[in-house]
Amino acid sequence: MPLQVIVVGAGISGLCTAVALQQAGHSVKILEKSAFAAEVGAALLITPNGERVLSRLGFDFKRARADDMTCFEVLDGVTLKPLHRAELGNAREEYGAPLYTVHRVDLHNELLRLISTLDLQLSSKVVAADAEEGFVLLEDGTKHYADLIIGADGLHSVLRGVVLGDQEAAKSTPSGMSAFRFMIPTEDLKDDPYFQELQKTKGRGNSVLADTTAQTERHMVWYTCRSGQVQNFAGIHDSTLSDVADLKTLMLEEFSHYHPSLLHILKVAPNVTDWPLSYHDPLPTWHRGKIVLVGDAAHPMLPFGAQGANQAIEDAGALGALFGSGESVADLSNRLALFEQVRRLRASRVQSLSRVRLGREKEVEDRVRQYAEPPGSDVPTSFLERLAHDYKIDVFEICKQALAKENLKN
C-alpha cells in the first residue's frame, strides 16, 4: 500500500524528493510556507551526480535552458593566470554524465512541471512536528498526519531541531562570509572590449577567480546560464560591518585589486545583492521516527564546490530508489536507516570539503577523514580528486547494492 508522505518545503530539495517519491508510487503532499512556490537567486551547477537523478526523474534540460560546461577552472583573479583546470568535454565518458549550469528559476519551474499533479499547499508554515506520532503542526494550528515526513525546510529547518531533539543545536552557524551576486545579459556585454578580452582567457564552464594575494576564501565565480544569454557572477568575501550602503561600491572595494578587465565588469553590474553564508557541522543523524531530513535541512554547506543542490538531488534519488517497491509503514524504520547509511557519510565529506574553495582540499583533510567510508580509506586531497569524488557516484547503483546486501527489493 502506498505511503502517505508529507514534504515540508517546495524548494529544489523538496520538489525533487516529491517527484521521486511520487514516481515510486507513493501519495505525496507538499507544504510550503510562502504564498508562492517560486525560487529566487542566481544560477547553479548541475554536476554529473545530480544530472543522473534529474534525468531519471524526467527533467528536461533543454526546456530549462541549461548550458553545458566543457571545463571547470581556477584562475588567479589578479593576473588571470591559470591555477587548476579540469577538461569536461568528455564528462559523459569520465564521469558518466554531463555538467550543466542552470538558473534557479528555470530549474524550479521545470520541477514544478514534473509535480503538476501533486497536492501543493501554499501559505502552510510548519512550526512544530511530532516524529513518533507522525504529524506536523502548522502556524494556523492545524495538524497534518503522514506515514513519512520529509524535512526539506532548508538552512533554518524547524524539523532539524525535532530530529536532533534540540532546537538550539540545530541552528546554523554564520560563516563570517557573504556572497555578492549579480547577472548581466550577454547582449549588454557582447561589444564590450573588456568582456571580449576576458573571453580569450575564460573557458566555457565554471571559472573560479581566486584571490592569491592573501590567505582568504575571497574569490569570484563566473559562468553562463539561460542558453548563454546571461552571465552569472558571485563574489565570495568576508562579511563586513561597513557603513557603505551601496552594495556595488562595497563589491568594488572588496575586489579592487583584481584584474582591470574584471573590475570593469563589476562596475557595470546591475542589481547587486549580498547573501550571508551559513553552515552546520555534519549531523550525527538525519532521521527520527517518521521524519527524515534532506537537502540543506540535513547537510547545509557552503557553496565552494557547487554541491549544495546536487547533494539535495542525490537525497531525492536515494529516497525514490529505496522506497520504490511498494514499501509499507512496517518497512519505514529499516528503509530510513538504509537511506542514512547510503547518504550521510558521503554528504558529510562533501559538506566538509565545502569549507574551502577548489584547490585547497588539503586544508580540510583531517575534517574530511572523520567521515571516510570505510574508516581509514582515502579522501580527496586535490582539485581533481574532489571532482572525481563528487561526480562519479551513481546514487541509484549505490542504493541497489545496499538493498542487495540487505536482501531487500528495489
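In this predicted model, the residues through which helices H1 and H2 touch can be listed one by one: Cys16, Val19, Ala20 and Gln23 on the H1 side meet Leu54, Arg56 and Leu57 on the H2 side. Sorted by class, this contact of H1 with H2 comprises 5 nonpolar residues, 1 polar residue and 1 charged residue.

With those residues located, the arrangement of the two helices can be followed along their axes. Helix H1 spans residues 12-23 and helix H2 spans residues 48-57, and their axes come within 10 Å of each other, crossing at roughly 50°. Because of that angle, H1 counts as oblique to H2. The handedness of the crossing of H1 and H2 is left-handed.

The second part to trace is a sheet. Strands of a sheet pair through backbone hydrogen bonds, in either a parallel or an antiparallel sense. Here the sheet is open and has 3 strands in the order S9-S10-S11, with antiparallel pairing. Its edge strands are S9, covering 126-130, and S11, covering 143-145, each of which pairs on one side only. Neighbouring strands of this sheet are turned against each other by 25° on average, when direction is ignored.

Strand S10 is made of residues 135-138, and S9 pairs with S10 in the antiparallel sense over 4 bridges.

How values were computed: Residues numbered from 1 in each chain as written. Predicted model: local features only at pLDDT ≥ 70, side-chain atom pairs only at ≥ 80, totals over all residues. Heavy atoms only, no water. Axes fitted to C-alpha atoms, helices over the stretch in contact; angles between N-to-C directions. Parallel < 35°, antiparallel > 145°, perpendicular 65-115°, else oblique. Left-handed = near helix turned anticlockwise from the far one by under 90°. Contact = heavy atoms within 4.5 Å. Nonpolar A, V, L, I, M, F, W, Y, C, P; charged D, E, K, R; others polar. Pairing = 2+ DSSP bridges.
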